[in-house]
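Please read the points beside the sequence and the model.

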Amino acid sequence: MTVHLVGAGPGDPELLTVKAMSLLQHADVVVFDRLVSAEILALACPTAELINVGKRPGTSHTQELINDLLISLGRQHSCVVRIKGGDPFVFGRGGEEAEALARAGVEYTIVPGISSAFAVPAAAGIPVTHRLVSRAVTVITGHCAQGSQSVDWRAHARTDSTLVILMGTERLATIATELMAGGLDASTPVAIVHNGTRDEQHVLRLQLHEAPFIQASAPSVIVIGAVADLDLRDPRQLAQLVNAR
Ligand SMILES: C[S@@+](CC[C@H](N)C(=O)[O-])C[C@H]1O[C@@H](n2cnc3c(N)ncnc32)[C@H](O)[C@@H]1O
């Protein structure tokens with residue numbers, strides 16, 4: 001009687017962990033989110049019940065309902081897999097689900113996943129840190145829950161860190177404008193990686209001052225900083241970096 005809080009990785013089924021795959025194959029029930037692909041769900045035990053709790057505007061799956069569902073399933077089945085995109089604890093509300101299960105006395109495990117915050121830039125050839133270019137990385141949500149404190153973008157403009165923004169497409173114009181108001185150079189490179197690691201992966205590269213005029217769609221990871229100019233899938237760029245040492 002265990003609920004496993006499992007990370008599905010960024011989308012490519014080959015980036016699923018061995019542990020996640022094995023749990024899927026043994027699951028009685030799989031409770032999944034919008035970002036978990038059909039290819040990954042196809043790996044589940046053929047007799048497993050699949051329950052979609054993906055949150056979209058207008059749907060009724062509040063976090064409280066999902067918590068209650070997990071508690072109830074955890075009391076009925078020996079192996080419940082609660083699978084989410086990326087890592088369950090990176091903007092995934094896995095922490096809230098773990099707390100709810102613990103309070104209800106339902107056993108659970110945590111199975112880390114490869115987060116899109118790092119894997120999606122990497123799949124586009126962008127190293128979020130690089131000894132010659134950036135020594136720090138900050139992962140930020142572009143979307144704040146109602147009532148929570150909003151992100152101080154001007155303060156982030158003053159750090160020397162690569163900024164990796166998740167859930168930032170809708171507020172891209174505000175984010176870029178605030179970063180520039182905080183002093184970040186208007187020519188700072190930006191990369192928007194849409195559907196990273198999937199067949200439909202698409203990368204858009206621009207400068208910060210162009211970002212307010214871009215219509216980006218979800219799911220995308222936005223990278224802001226000098227590394228966003230790099231594409232290390234291209235051996236010529238690697239050669240340039242080596243020569244710069
Ligand atoms: C609710 S957050 C969940 C993050 C997830 N827990 C993780 O560790 O990757 C969803 C956001 O992750 C990003 N994301 C997840 N998968 C992605 C992908 N394959 N390509 C681009 N962005 C992705 C997008 O910014 C999306 O809006």
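1. A backbone N or O atom of serine 220 lies 2.7 Å from an oxygen atom of the ligand, and an N or O atom in the side chain of serine 116 is 2.6 Å from a ligand oxygen; a ligand nitrogen is 3.0 Å from a polar backbone atom of glycine 85. Polar contacts here are pairs of N or O atoms within 3.5 Å.

2. This is a predicted model, in which local features need pLDDT of at least 70 and side-chain atom pairs count only at pLDDT 80 or more, whereas totals for chains, interfaces and linings use all residues. Residues are numbered from 1 along each chain as its sequence is written, and side-chain values use heavy atoms, with hydrogens and water left out.

3. The ligand is surrounded by 19 residues (a heavy atom within 4 Å), the closest being Pro10, Val90, Ser115, Ser116 and Ser220. The shell divides into 10 nonpolar, 7 polar and 2 charged residues, with Gly counted as polar and Pro, Tyr and Cys among the nonpolar ones.

4. Domain 1 (2–114) and domain 2 (117–229) each give at least three residues to this shell; the bounds come from an automatic or database domain assignment.

5. Helix H5 (116–123) and strand S10 (220–224) are the elements that give two or more residues to the shell, helices being DSSP runs (H or I) of at least four residues and strands (E) of at least two, numbered from the N terminus. In H5, Ser116, Ala117, Ala119, Val120 and Pro121 are buried, meaning under 20% relative accessible area with a 1.4 Å probe and protein chains only.

Notes
Polar contact = N/O pair within 3.5 Å; in protein donor to acceptor, adjacent residues only side chain to side chain. Buried < 20%, exposed > 50% of the residue type's maximum accessible area, 1.4 Å probe, protein only.
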